[in-house]
Amino acid sequence: KQWYQRRVPITPGYPLFRGGVVQKVAIGNGFIVGSYEEHKKQVISAYGVNRTLQLGQPSENPLFDKKTWRVEEPVTQLRSGRAHTLGLTESGVLFGWGSNNMGQLGFSRTTSSCPFTYFS
């Protein structure tokens with residue numbers, strides 16, 4: 001198996017990023033995040049492990065899920081760490097989600113994980 005097949009189980013034919021041309025992609029440990037445009041709206045979709053909100057929203061199944069949501073403006077940068085993701089919009093607004101166990105999202109370490117949040 002390839003490394004990505006072990007970390008993020010990809011089901012053949014599963015529409016990971018449905019309906020639009022993928023503009024940005026970031027890969028973490030066991031999850032993948034992408035941004036694309038759908039019906040003239042910016043969309044973020046995340047797929048994989050979600051134990052520490054790596055997919056930006058809570059899940060009933062933290063071992064394997066897919067989450068999709070709209071953002072207000074185009075995403076110019078998208079980066080993932082081991083269990084968190086940060087993004088930047090066209091106007092410079094920073095957003096992020098996931099694990100904060102080492103303060104990587106800028107919160108006190110007492111906040112261990114964070115759902116999708118705009119920071120500025």
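Val 25 sits in strand β1, which spans residues 22-27; strands (E, at least two residues) and helices (H or I, at least four) are DSSP runs, numbered from the N terminus. The model is a predicted one: local features need pLDDT of at least 70, side-chain atom pairs count only at pLDDT 80 or more, and totals for chains, interfaces and linings use all residues. Residues are numbered from 1 along each chain as its sequence is written, and side-chain values use heavy atoms, with hydrogens and water left out.

Val 25 is partly exposed, at a relative accessible area of 44%. Buried here means under 20% relative accessible area, exposed means over 50%, and partly exposed lies in between (1.4 Å probe, protein chains only). Together with Val 22 and Ile 27, Val 25 makes a nonpolar surface patch of about 220 Å². Patch residues have over 30% relative accessible area and no salt bridge; nonpolar side chains (Val, Leu, Ile, Met, Phe, Trp, Tyr) are joined within 5 Å, like charges within 9 Å. A salt bridge is a side-chain nitrogen of Lys or Arg within 4 Å of a carboxyl oxygen of Asp or Glu. Areas come from the Shrake-Rupley method with a 1.4 Å probe, and for residues only the protein chains shown count as cover.

The largest nonpolar core has 13 residues. Val 33, Ile 44, Leu 78, Phe 95, Trp 97 and Phe 116 have the most contacts inside this core. At least two core residues come from each of β2, β3, β4 (65-71), β5 (75-80) and β7 (94-99). Such a core is a set of buried Ala, Val, Leu, Ile, Met, Phe, Trp, Tyr and Cys residues joined through side-chain atoms within 4.5 Å. Beyond four places in sequence, Ile 44 has contacts (heavy atoms within 4.5 Å) that include Val 33, Trp 69, Phe 95, Trp 97 and Phe 116.

His 84 belongs to strand β6, residues 84-89. His 84 is buried, at 15% relative accessibility. Its contacts beyond four places in sequence include Phe 31, Arg 79, Trp 97 and Leu 105.

The loop between β2 (31-38) and β3 (41-48) holds His 39. Lys 40 lies in the loop between β2 and β3 as well. Most residues other than glycine have a negative phi. Phi of His 39, however, is near 55 degrees, and that of Lys 40 is about 60 degrees. His 39 is exposed at 70%, and Lys 40 is exposed at 77% relative accessibility.

Mean pLDDT (the predictor's confidence in each residue, from 0 to 100) is 82 for the protein chain, and 82% of its residues reach 70 or more. Over residues 1-14, pLDDT stays under 50. Where pLDDT is low, the predicted coordinates should not be read in detail.
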